[in-house]
Amino acid sequence: MADPRGFLKYSRSGAQRRPVQLRLLDWQEVYDPITSDLLGQQAARCMDCGIPFCHHGCPLGNLIPEWNNLVYKEEFAAAIARLHATNNFPEFTGRLCPAPCETACVLGINDDPVSIELIEKSIVERAFEHGMVQPLEDSIQTGKTVAVVGSGPSGLAAAQQLRRAGHVVDVYERADKPGGLLRYGIPEFKMEKWVLDRRLSQLKAEGITFICNVEIGNDISLSDLKSKYSAVVLCVGATVPRDIEVEGRELEGIYQAMEFLPVANRVASKELPFHPMSAKDKNVVIIGGGDTGADCLGTVHRQGAKSVIQLEIMSEPPKTRQQSTPWPTWPTILRVSSAHEEGGERMFSMSTKKFIGDDGRVQGVVLTEVEQKMTETGVRFMEIEGTEKLLNAEIVLIATGFLGPERTIISGTQVETDVRSNIKTDNNWMADEGIFAAGDCRRGQSLIVWAIAEGRSVAQAVDRYLMGISDLPAPIDTKTRALAL
């Protein structure tokens, strides 16, 4: 235990965000650097509980009390070793994960939980700074070949694990650069792309080959790909957007979030000179109150939007944990992201009724308030009469979630989808003989920490399929799909 009285001596402190007026002038990450004194104090708050529920809160089963203690003792080489033992990419999760480990922290029962995410990010950044993160040298060569389709977090985790097991690994990516949503979905102000490129350099040095500008299902069929490799792993994400079927949807100026955000990322990284859908000096309405909607919000702020309103069909959640979501479960509470701090208005219990336009372009959104009611078919959102209102909007961004992977990838194969349109797998992560799936394309739209956990677990399943046994660690038990703690 780092400091037996640490949780009594120090209060919780997270990473500090740069002033709003400054960060809106650039695309750099919103957080200031973390000081050593702050880091040691926050690590000291960990109580090293007899039953560390933070392990179970984390889909990766991160060894949190262990590396908290090592940080307190300033043993950073050992700390990064313990962190990498369960997480291939802590610099990603330390920036992008909503930290379910913190909501499961035992200290959080009656106090503010330990700043786990801050410590995680600090460990890996210090490790990179001091040369502690190096490519692992080849130890064995199995002669087996694996194609990983998709270079998002699940695909990268699967690829690194399989390469370290001695297999030849090629990663296919349909975009011009690897990274998936990490590159073209996550805005720069949440994670700058040099963070991704730094880790990709390690993967390439370990012998992983990235083949970009190749779309499976169009440029090459999945069946033909399987004929070239010992196994194929599908980590293609859930990229089919959920649309809104209302009057006026065909108007210009209404875009899916993933039409808008990738272009914004390319402009921010200077790959493109300008954004043809820019929100500069325009009234913007964002439909969807989740993380993708918040990414759109922060982006249009930096583009210089005239006004921004973010809509959510659900009612406004409470500000504190309620009895319906007791510790250590994930609480339904009102969360304020960095983008929400920067401006704009949030409206809850609102449903889009129609879009209105002029000369083929959107000019407004007609809304109505809704309330949730239980019916014979389940919970439905019912309009409240007399609550219609019109919002001015020259740009509308739809961020209402995703409906699974694109079907062209699996066309002409025996790979099936489940009732939620996700790729169906057996208990060994196999979708068809020699074809495996993991990440959002298998479990549905989810968290980055789940994507990495699934990538690590599918790698173990593939290794066992190829070799009969596997020494690779897997956070998710391949039989029960429960966390393997």
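## Salt bridges

Arg17, Arg23, Arg302, Glu341 and Glu342 are joined up in a salt-bridge network (a salt bridge being a side-chain nitrogen of Lys or Arg within 4 Å of a carboxyl oxygen of Asp or Glu). The model is a predicted one, where local features need pLDDT of at least 70 and side-chain atom pairs count only at pLDDT 80 or more, while totals for chains, interfaces and linings use all residues. Residues are numbered from 1 along each chain as its sequence is written, and side-chain values use heavy atoms, with hydrogens and water left out.

In total, the structure has 30 salt bridges. One of them pairs Asp197 with Arg183 at 2.6 Å, N to O. Asp197 sits in helix H12 (residues 193–205) and Arg183 in helix H11 (residues 181–184), so this pair ties together parts 14 residues apart in sequence. Helices here are DSSP runs of H or I with at least four residues, strands are E runs of at least two, and both are numbered from the N terminus.

Arg183 is buried, at 5% relative accessible area, whereas Asp197 is partly exposed at 31%. The cut-offs are under 20% for buried and over 50% for exposed, with partly exposed in between (1.4 Å probe, protein chains only).

Then there's Glu383 with Lys353, a salt bridge at 3.3 Å, N to O. Glu383 is in strand S11 and Lys353 in strand S9 (residues 350–358), so the pair links parts 30 residues apart in sequence. Glu383 is partly exposed at 47%, and Lys353 is partly exposed at 33%.
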